[in-house]
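Open the model in your viewer and keep the selection tool at hand. The tour goes from one selection to the next and says what is found at each stop.

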Amino acid sequence: MSSFDRIGILGAGRAGTAIARAATRAGLEVHIASTRTPSQMRYHLMQYAPQARAVHAEEIADGVDLVILAVPQEDLDDVDPVWVAQRILVDATNRWENEPLPAWFEQGLASGLSSSEVIAQRFPEARVVKALNHISHWAMDAPQTAEARAAMVAADDPAAAQLVAQFVTALGFEAVVAESLAAGRHAEPGTPYFNVAATAAQLKQALL
Ligand SMILES: NC(=O)c1ccc[n+]([C@@H]2O[C@H](COP(=O)([O-])OP(=O)(O)OC[C@H]3O[C@@H](n4cnc5c(N)ncnc54)[C@H](OP(=O)(O)O)[C@@H]3O)[C@@H](O)[C@H]2O)c1
């Protein structure tokens with residue numbers, strides 16, 4: 001039985017630290033890693049995610065079932081898939097404008113896969129779920145309004161999708177589950193609700 005009482009976040013930039021702040025506000029324990037050692041991250045985290053615990057990237061999955069991937073896609077050659085084997089990997093990444101991508105990523109996209117399907121091929125021993133990629137770090141910190149903002153959760157693995165839906169709900173969003181990783185392309189950059197607030201009804205419509 002998987003849980004998300006403690007999560008790992010790979011990437012401690014704008015997205016990773018915003019997700020860390022939201023998760024710690026929700027009472028979750030957060031381990032976070034970047035290219036730097038925990039001691040090198042100390043002052044950065046004191047400012048951006050003071051409740052999170054810095055760990056080495058290769059230890060990000062220790063003691064957690066769920067790891068958020070918040071590393072720029074151009075840097076993914078340096079993320080060893082073994083680090084997140086047997087874990088739920090929440091793909092929160094996007095290609096940003098003309099960001100240069102690793103060759104395997106370009107080839108996967110050229111073959112017609114959605115970006116999270118390419119990530120799933122790259123991380124074959126992880127259970128990849130696409131989520132949180134379409135929510136900006138500003139919105140992650142925004143106060144809740146009367147109507148919760150919708151957040152898409154797309155996966156081929158229903159049990160993993162359910163757990164991530166519970167996780168995004170704990171962060172204060174209304175989860176809208178798309179029943180395939182391929183459907184996650186409806187929340188990629190350039191789609192109507194990418195970085196744009198949507199209700200659950202609007203997001204469900206976009207996923208049709
Ligand atoms: N910014 C947003 O609002 C937002 C929202 C949703 C999704 N996203 C997506 O999230 C991803 C990251 O965006 P960002 O804006 O957070 O980027 P960012 O501010 O540039 O931060 C990137 C982080 O990734 C870390 N990193 C790079 N290579 C790594 C590696 N091999 N192992 C571990 N950590 C590594 C960096 O480490 P160092 O700190 O050591 O350099 C840095 O902490 C992008 O794909 C983006 O599209 C961003």
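Start by selecting P102, which counts as buried because its relative accessibility is 6%, under the 20% cut-off for that class. Bear in mind throughout that this is a predicted model. P102 sits in the loop that runs between β5 (88-91) and α3. Leaving out residues up to four places away in sequence, P102 touches Q73, E74 and D77.

**The α3 and α4 pair**

Next, select helix α3 (residues 103-110) together with helix α4 (residues 115-122). Two packed helices are described by the distance between their axes and the angle between them. Here the axes come within 9 Å and cross at roughly 130°. The two helices, α3 and α4, are therefore oblique to each other. Their crossing is right-handed. To see the contact itself, show the side chains of W104, F105, G108 and L109 on α3, and of S115, V118, I119 and R122 on α4. By class, the contact of α3 with α4 has five nonpolar, two polar and one charged residues.

**The loop between the helices**

Select S114, in the loop between α3 and α4. Is S114 buried or exposed? S114 counts as buried, because its relative accessibility is 1%. Its contacts, apart from neighbours within four places in sequence, are L109, L181, A182, R185 and E188.

**What covers α4**

Stay with α4 and pick out S115, S116, E117, V118 and I119, which are buried. Then display β4 (66-69), β5, α3 and β6 (127-131), which are among the elements covering the buried residues of α4.

In soluble globular proteins, nonpolar side chains tend to be buried together. For the largest nonpolar core in this model, which has 41 residues, select I7, I9, L66, I68, L132, V164 and F167, the members that touch the most others. Helix α6 (residues 158-170) supplies the largest share of this core, seven residues. Which residues does I7 touch, not counting those up to four places away in sequence? They are A23, E29, V30, H31, V64, L66, I68 and F167.

For the last stop, select A61, W83, F123 and A126, which are included in a second, separate core of 24 residues.

Conventions:
Residues numbered from 1 in each chain as written. Predicted model: local features only at pLDDT ≥ 70, side-chain atom pairs only at ≥ 80, totals over all residues. Heavy atoms only, no water. Core = buried A, V, L, I, M, F, W, Y, C linked by side-chain atoms within 4.5 Å. Buried < 20%, exposed > 50% of the residue type's maximum accessible area, 1.4 Å probe, protein only. Helix = DSSP H or I, 4+ residues; strand = E, 2+ residues; numbered from the N terminus. Contact = heavy atoms within 4.5 Å. Axes fitted to C-alpha atoms, helices over the stretch in contact; angles between N-to-C directions. Parallel < 35°, antiparallel > 145°, perpendicular 65-115°, else oblique. Left-handed = near helix turned anticlockwise from the far one by under 90°. Nonpolar A, V, L, I, M, F, W, Y, C, P; charged D, E, K, R; others polar.
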